[in-house]
Amino acid sequence: METASHIWSDGELIPWDSANVHFLSHALQYGTGVFEGIRAYNTPEGTAVFRLHEHMERLGASARAYGIPMKYTVEEWDEACLHLIRETGLESAYVRPQIFYGGGSIGINPAKNEVKSMMAAFPWGAYLGDDAAEQGIDTMVSSWRRISHTSLIPTAKGSGGYLNAVLAKQKALSAGFDEAIMLNDAGSVSEGSGMNLFVISKDVVYTPPVSAGILEGITRNSVIDLLRDEGVEIREIDLARGALYAGDEMFLTGTAAEVTPIRSVDRRLVGDGKRGPITKKAQELFTAAVAGKLDDYRDWLSFV
Ligand code: PMP
């Protein structure tokens, strides 16, 4: 990965190579952390962070959900993020804040462990490859089910929960696919390993609801707003696996993946295998929004 000069660590900027944790950090042993993924874009008017406050609010909500104390307010996280990008001089960046339990005790109860807060910003290009935005990607329905509301908190970005995403992603790659689509315990469609899913059928856009065990993606919500504004009908409803083989178009959304078309599911082509018109529209609107070109959505950007 590409790196940057500094990392934000509990209120201070420290050199990238000095950002270390103890082997016995609670989060390293048990996954007791929460995190975010945010992008800053190089716009004609300078670098801007996309929906910064919503991401930091979700960080706070994730921490609350898993009972991890917040040492900094959401507003302090917002400020720290802008400060970090300014000081590292990055024109565009992927930003990774995390709150996690460090060392202090090795038992399951983390109450005696110190809480650490960190944030890194670094360059990161297209998550699913440079061709993906036009050509789309090949997906498989994973045999791994998405973490459920009965054992973890799928609506929170908890570090330990991502073992589930890693299993699904590794399996998909080793089987020759680019990405996994996970069902939930009830067998309904949930999402990808780190992105939300949309299926288009007869000009109506469908996407699984929060109750399906998805993380409520900020890109998902942005694309819903942008398409609805254009008069496109969007329905948040449970989708059966069969819907994945019947769609005219499909795409994934996420901060890392942005808007990525799906070319195939389980080796069946989606439509004719080419990026469809609503997918293209969603990409164009999203690209315009992150570049500050849509007046109605300027407040989604925080200029560095
Ligand atoms: N689902 C999961 C499991 C994710 O990790 C992500 C990435 N944060 C998403 C969906 C997409 O969310 P967002 O658009 O907010 O990045």
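Guide: Gladly! Let us start with burial: a residue is called buried under 20% relative accessible area, exposed over 50%, and partly exposed in between, using a 1.4 Å probe and protein chains only. This is a predicted model, in which local features need pLDDT of at least 70 and side-chain atom pairs count only at pLDDT 80 or more, while totals for chains, interfaces and linings use all residues. Residues are numbered from 1 along each chain as its sequence is written, and side-chain values use heavy atoms, with hydrogens and water left out.

Visitor: Is Arg146 buried or exposed?

Guide: Arg146 counts as buried, because its relative accessibility is 9%. Helices (H or I, at least four residues) and strands (E, at least two) are DSSP runs, numbered from the N terminus. Arg146 sits in the loop that links β8 (137-141) to α5 (162-174).

Visitor: What lies around Arg146?

Guide: A contact means heavy atoms within 4.5 Å. Setting aside neighbours within four places in sequence, Arg146 is in contact with residues including Pro154, Asn164, Asp185 and Gly213. A polar contact is a pair of N or O atoms within 3.5 Å; within protein, one must be able to donate a hydrogen and the other to accept it, and residues adjacent in sequence count only if both atoms are side-chain atoms. Here, a polar atom of the Arg146 side chain lies 2.6 Å from the backbone oxygen of Gly213.

Visitor: Now the helix. Which residues of α5 are buried?

Guide: In general, an α-helix has 3.6 residues a turn, so residues three or four places apart point the same way. In α5, the buried residues are Asn164, Ala165, Ala168, Lys169 and Ala172. They are on the same side of α5 because they cover an arc of only 125 degrees around the axis, where the arc is that of the directions from the helix axis to the C-beta atoms. The exposed residues Leu163 and Ser174 are on the face turned away from that buried side. The cover over the buried residues includes β8 and β9 (179-183).

Visitor: What span should α5 have?

Guide: The expected span of a helix is 1.5 Å times one less than its number of residues. For the 13 residues of α5 that gives 18 Å, and the end C-alpha atoms are 18 Å apart, so the two agree. Just after α5, Gly176 takes a positive phi of about 90 degrees.

Visitor: How do I read domains?

Guide: Domain bounds come from an automatic or database domain assignment. Here the assignment gives domain 1 (6-122) and domain 2 (132-290). The contact takes 20 residues from domain 1 and 19 residues from domain 2.

Visitor: What area is buried between domain 1 and domain 2?

Guide: Buried area is the accessible area (1.4 Å probe) that two parts lose on being put together, summed over both. Between domain 1 and domain 2 the figure is about 1700 Å², with carbon and sulfur atoms giving 61%. Phe35, Arg58 and Tyr66 supply 35% of the area that domain 1 buries against domain 2, more than any other three residues.
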